[in-house]
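Let's take a friendly walk through the inside of a protein model. Please keep the sequence and the 3D view open as you read.

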Amino acid sequence: IEHALLPEKGLIAPGEAAIGADSHTCTYGALGAFSTGVGSTDMAAAMATGGTWFKVPAAIKVNVTGKKQKWVSGKDVILYLIGMIGVDGALYQSLEFSGEGLADLSMADRLTISNMAIEAGAKNGIFAVDDITIGYVEGRCSRSWTAFAADPDAEYVRTIDLDLSKIPCTVAWPHLPSNTHPATEGKDIAIDQVVIGSCTNGNIEDMAAAAEILKGRHIASGLRGIVIPATPKVYMECVERGYVKIFMDAGCIVSTPTCGPCLGGHMGILAAGERAVSTTNRNFVGRMGHTESEVYLASPAVAAASAITGHISHPEEIMKG
């Protein structure tokens, strides 16, 4: 999956600009790069001429503070933020993440958050470069790069204060990423399928969270559990760490890296009336199959817990049970 593979291979570095013919190209903002999706015609023109143009977006400052609660991840953070501002809350604007709370967000968290900036309408989502960024890039990117930071007198259209300690495990109900609820409110929502993976949550940290909950347990009878590591490297690490065995012992299938069901392609297409908890990034009508199916967006931890109970569940429902 390209949005996981390019950072992994060191093909994106801080301070660079990247475009791609996919809306979730904004993922690379996690590395302090400007990245955004463009149309196929724009992409072809850029490849042919070596140049492109942008309207400089206005900026929203997201001041991140505090530390995450147990089981809360970057997926919960971005869903919570989208729930706050709406799917058009950052329309053609730049979401700039900074603040002392960044120290509690891993690179996997940041990749997930930047990936879903587009779901708030943002042109891009970008993180300030810090020691976590540098630690990730070193050993991956062999060329020189330059980190850029906001000017001290930078102007913002608004500032959003985001206290990580107040964010619960969050799930987006159908049919918008902004239709968010605490995971604890989903006990009455029975599900037919769980998908763990995608460009949004297919990194090794995501696999580890799911494996921790699924280890020694089994998914609910009649439920389909699908795990999709994002890259071959992540897949091999899942094998080496024993995660693939954990997933399969729990009753899941493990696919080779693919976008698969995220965009209604294959490996888990929903029928009419079926519901899925998925770690993917969109839950629009018909996104994962039939127009009468439903997709609930969640973190790998919530998805794994829900797979075991057969309904939307907070991880504590499993880990304390």
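His 3, Ala 4, Pro 7, Glu 8, Thr 27, Leu 111, Tyr 136, Cys 199 and Asn 203 line the largest cavity. A cavity here is a set of points, on a 1 Å grid over the protein atoms alone, where a 1.4 Å probe fits but cannot get out, and lining residues have an atom within 4 Å of a point. The volume of this cavity is about 30 Å³, counted as the space filled by probe spheres set on the points, which are joined across faces, edges and corners. A search of the whole structure finds one cavity of 30 Å³ or more.

Which helix gives the largest share of the lining? Helix α1 (residues 2–8) does, with four residues. Helices (H or I, at least four residues) and strands (E, at least two) are DSSP runs, numbered from the N terminus. By type, the lining has five nonpolar, three polar and one charged residue. Ala, Val, Leu, Ile, Met, Phe, Trp, Tyr, Cys and Pro count as nonpolar, Asp, Glu, Lys and Arg as charged, and the others, Gly among them, as polar.

## About the model

This is a predicted model, where local features need pLDDT of at least 70 and side-chain atom pairs count only at pLDDT 80 or more, while totals for chains, interfaces and linings use all residues. Residues are numbered from 1 along each chain as its sequence is written, and side-chain values use heavy atoms, leaving out hydrogens and water.

## Buried parts

Helix α4 (residues 107–115) is largely enclosed by the rest of the structure, because nine of its nine residues are buried. Buried means under 20% relative accessible area, exposed over 50%, and partly exposed in between (1.4 Å probe, protein chains only). Among the buried residues of α4 are Asp 109 and Arg 110.

The largest nonpolar core has 74 residues, and Leu 95, Phe 97, Met 207, Leu 214 and Phe 247 have the most contacts inside it. Helix α10 (residues 300–309) supplies the largest share of this core, seven residues. Such a core is a set of buried Ala, Val, Leu, Ile, Met, Phe, Trp, Tyr and Cys residues joined through side-chain atoms within 4.5 Å.

Pro 174 and His 175 are joined by a cis peptide bond, with omega about 0°. His 175 sits in the loop between β7 (170–172) and β8 (180–182).

Trp 71, which is not a glycine, has a positive phi near 80°. Its relative accessibility is 11%, so Trp 71 counts as buried. Met 267 also has a positive phi, about 60°, but at 29% relative accessibility Met 267 counts as partly exposed.

Technical notes:
1 Å grid on protein atoms, 1.4 Å probe; cavity = no way out; pocket = protein on both sides within 12 Å on 5 of 7 lines; lining within 4 Å.
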